[in-house]
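Please consult it alongside the sequence and the model.

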Amino acid sequence: WEAVAVAGVTWADRTATFTVAGQTHTAAFRTAAEQRMDLRTTADWLIRPRLLKEQGVAEVIVLGGDRKQYQVLVDPGKMFDLGVSLQDVDRAIRENNLNASGGFTEEGQVERPVRVIARLGPQPAKVLDDLRKVPVKANGRRPVLLGQVARIEEGPAPKRGDAGIDGADAVVITVVKQPHADTRAVTDRVKVALREAEAAMPADLAVQTELFQLKDFIDRGVYFVGEALVIGAGLVVVILFVFLLNFRTTFITLTAIPLSLAVTTIVFRLVGMLTGHELSINVMTLGGIAVAMGELVDDAIVDVENIFRRLRENSRLPEPRPALAVIYDASREIRSAVVFGTAVVILAFLPLFALSGVEGRLFVPLGLAYIVSILASLVVSLTVTPVLSYYLLPQSRAAHGTHDGLLLRGLKWAAGYLIRFSMRRAGVLLLVTWVLVGLSFWKLSTMGRDFLPKFDEGSIQINVSLPAGSSLRASNEAAALVDVQLRAMQAAGDVRHFTRRTGRAELDEHAEPVGRSE
């Protein structure tokens, strides 16, 4: 405390009486062991049952602190003097700490159950007093009480694991969700439950919820995928307008993006309804859509560009043909090329479906989303694009022009020059090409073997392993050295929070050796 005018402090059994500004105050203090036991008791009996009630929660793993026990510490000398064995002590404790059924009684048409409540407690002080009075053995005319052969006290249970938060002793609670449950919704419900539980806890206990959350990784993944979608769509708009220099052709082509995405979502829902296995829109399926973003307009571009070119040629004829006939012939002219081009792109993604293990679980949804999106864009280009072209392009002033845009004329000139150069230097060009192919194969052989990309999830896991046979105390001391470094990084603003789990939980849900910390 920071206090002024402290007149005096007296101590009695961990209770301080002090006077500040003429007013006397009394405060009780708990030892570190008592604080750890209170913390663990609160986590086991208040927070864990509250979290298990939430929909979508499968398991709640509690690690750290000290589990409170009522310990019977026998005195071998006294037991020998009074003729008491360990079996006598064990049997006496078991028989004096039982609830039993007393059957039922009938009162008219009412049936009432009868219970014999004989468990010790519920107040800790009363449990200790009751244990001391448990008769262990009849010795002459007086029974031998448990308090005569043993010392009864509260104490921590032997543990094989420990935990900490931001370098301080703490209880770490890991929430495991049920399969197919919505991770984000479960996380939100857990946070609400923790806030409610914290309101009922003593003021000196705090709940820290801003630790590792799978929800954060999902949100970051969705954000980056959405960013890629926006940037990709923006680039498509700019490139289309720069090359075609016409708002109507740009609009017709861009309709392929939202329509293809809508068809993809509908297909996913229909497949889920027919097979019973829902195909969800998750980070990997969004990634497949992001990869396909630049190609969703390919088929529509080819169709619109050919229709636009044929309409221009038709406008220069002495007797122009009907616009509907021109558009139909122009679409049919490139239909086979569009279909085969789409088929080649899909064939390139089919090997993804042969992957097994973690890679298959991750990348099969990505490949499926990509293929469905590409097929949807093909359907849109063969149906919607010609119809929109019929309604928007024949009346366009650009469809009756005679000159391409400046950029397109420059690219056509450069393409013609490169084609003529390659035909004159065919041998040299082929030699350079095969040299580059060989270099590519060499670089491929020296690349890493990691198939999965690096995910920026904002969290890092550091594993500390000690030699076999190391004690929990040694693991805690080694982890404390890491905590010092992480606290320095936290003070510098490089780390927000860090948590530690050492060894295993009491119920073996988190099963790790004592010498291992995360």
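**Briefing on selected features**

Helix H7 supplies the largest share of the nonpolar patch, 6 residues. The model is a predicted one, in which local features need pLDDT of at least 70 and side-chain atom pairs count only at pLDDT 80 or more, while totals for chains, interfaces and linings use all residues. Residues are numbered from 1 along each chain as its sequence is written, and side-chain values use heavy atoms, with hydrogens and water left out. Helices (H or I, at least four residues) and strands (E, at least two) are DSSP runs, numbered from the N terminus.

**Nonpolar surface patch**

- Ile231, Leu235, Val238, Ile239, Val242, Phe243, Leu407 and Leu411 make up the patch, with about 670 Å² of accessible area together.
- Two or more residues are given to the patch by helix H7 (214-244) and by helix H15 (406-424).
- Accessible areas come from the Shrake-Rupley method with a 1.4 Å probe, and for residues only the protein chains shown count as cover.
- Val242 lies in helix H7 and counts as partly exposed at 34% relative accessibility; buried means under 20% relative accessible area, exposed over 50%, and partly exposed in between.

- Strand S11 (residues 161-165) is largely enclosed by the rest of the structure, because 5 of its 5 residues are buried.
- Gly161, Ala163 and Ile165 point one way from S11, Asp162 and Gly164 the other way, and all are buried.
- S11 runs antiparallel to strand S15 (residues 499-503), joined by 5 bridges, and antiparallel to strand S12 (residues 168-169), joined by 2 bridges; strands pair if DSSP finds at least two bridges between them.
- Ile165 has Thr499 as its bridge partner in S15 and Ala168 in S12.
- The hairpin of S11 and S12 has 2 residues between the strands, and Asp166 takes a positive phi near 55° there.

**Aromatic pairs**

- Rings of Phe, Tyr and Trp (its six-membered ring) pair if their centres lie within 6.5 Å; planes under 30 degrees apart count as stacked, over 60 as edge-to-face and the rest as tilted.
- The count by this rule is 3 aromatic pairs.
- Phe349 and Tyr370 are stacked, because their ring centres are 3.8 Å apart and their planes at 10°.
- This pair links distant parts of the chain, with Phe349 in helix H13 (residues 335-349) and Tyr370 in helix H14 (residues 357-392), 21 residues apart.
- Phe349 is buried at 17% relative accessibility, and Tyr370 is buried at 2%.

Note on methods: Buried means under 20% relative accessible area, exposed over 50%, partly exposed in between (1.4 Å probe, protein chains only). Patches are made of residues with over 30% relative accessible area and no salt bridge: like charges are joined within 9 Å, nonpolar side chains (Val, Leu, Ile, Met, Phe, Trp, Tyr) within 5 Å. A salt bridge is a side-chain nitrogen of Lys or Arg within 4 Å of a carboxyl oxygen of Asp or Glu.
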